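Subject: Structure for your files, with notes

Hello,

Here is the structure I said I would pass on. My notes come after it.

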Amino acid sequence: WRIDVDQAIGKAMAAGARATPAGKFGMDGGPGSFRLFNGTHGNLNGTYWQIPFRIGIRPVLVDARRGKVFAVGDDGDYSARW
């Protein structure tokens with residue numbers, strides 16, 4: 001990967017994401033959990049940072065190679081447009 005977790009947080013915040021408050025939205029792994037994974041997550045496949053940030057109520061993933069921010073759209077898929 002080329003994007004570290006600090007860069008992922010910065011890119012997510014620049015896209016309008018805010019930290020998920022403790023106990024909100026039933027975050028997988030609990031609030032404060034930062035996870036780098038490689039595989040399929042919803043409609044995306046690749047290496048992504050899953051961070052405890054959301055845009056509104058939309059969960060956020062950050063592409064660990066390019067730094068592109070994805071959030072869940074109204075259709076339930078991750079998209080760069082929400």
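The notes below start with the overall layout and then go through the helix, one tryptophan, the strands and the salt bridges.

Please keep in mind that this is a predicted model.

Overall layout

The protein has 82 residues, of which 40% count as buried. Taking the contacts with a separation of 6 or more, 41% are between residues 24 or more positions apart.

The helix

H1 covers residues 5-14, and its buried residues are Ala8, Ile9 and Ala12. Viewed down the axis of H1, these fall within an arc of 100°, so they line one face of the helix. What the buried residues of H1 pack against is S3 (44-55), S4 and S5.

Both ends of H1 have something to note. At its start, a side-chain oxygen of Asp4 comes within 3.1 Å of the backbone nitrogen of Asp6. After H1 comes Gly16, with a positive phi near 105°.

Trp49

Trp49 sits in strand S3. Its relative accessible area is 9%, and the cut-off for buried is under 20%, so Trp49 counts as buried. Setting aside neighbours within four places in sequence, its contacts include Trp1, Ile3, Ala8, Leu36 and Val62. Ile3 is 46 residues away from Trp49 in sequence, while the C-alpha atoms of the two are 8.8 Å apart. The side chain of Trp49 also reaches the backbone oxygen of Ile3, at 2.8 Å.

S4 (residues 58-63) runs antiparallel to S5 and is joined to it by three bridges. Within this pair, Val62 is opposite Val69. The hairpin of S4 and S5 has five residues between the strands, and Gly67 has a positive phi near 80° there.

S5 is also paired with S6 (residues 78-79), in the antiparallel sense and over two bridges. Here Val72 is opposite Tyr78. The hairpin of S5 and S6 likewise has five residues between the strands, with Gly76 at a positive phi near 90°.

Salt bridges

How many salt bridges are there? The count is two.

One is formed by the side chains of Asp74 and Arg58, at 2.7 Å from N to O. This pair links distant parts of the chain, since Asp74 lies in the loop between S5 and S6 and Arg58 in strand S4, 16 residues apart. Asp74 is exposed, with a relative accessible area of 74%.

The other is between Arg66 and Asp63, whose side chains meet at 2.9 Å, N to O. Are these two partners buried or exposed? Arg66 counts as exposed at 55% relative accessibility, whereas Asp63 counts as buried at 6%.

Regards

Terms used
Residues are numbered from 1 along each chain as its sequence is written. This is a predicted model: local features need pLDDT of at least 70, side-chain atom pairs count only at pLDDT 80 or more; totals for chains, interfaces and linings use all residues. Side-chain values use heavy atoms; hydrogens and water are left out. Two strands pair if DSSP finds at least two bridges between them. Helices (H or I, at least four residues) and strands (E, at least two) are DSSP runs, numbered from the N terminus. Buried means under 20% relative accessible area, exposed over 50%, partly exposed in between (1.4 Å probe, protein chains only). Contact means heavy atoms within 4.5 Å. The arc is that of the directions from the helix axis to the C-beta atoms. A polar contact is a pair of N or O atoms within 3.5 Å; within protein, one must be able to donate a hydrogen and the other to accept it, and residues adjacent in sequence count only if both atoms are side-chain atoms. A salt bridge is a side-chain nitrogen of Lys or Arg within 4 Å of a carboxyl oxygen of Asp or Glu.
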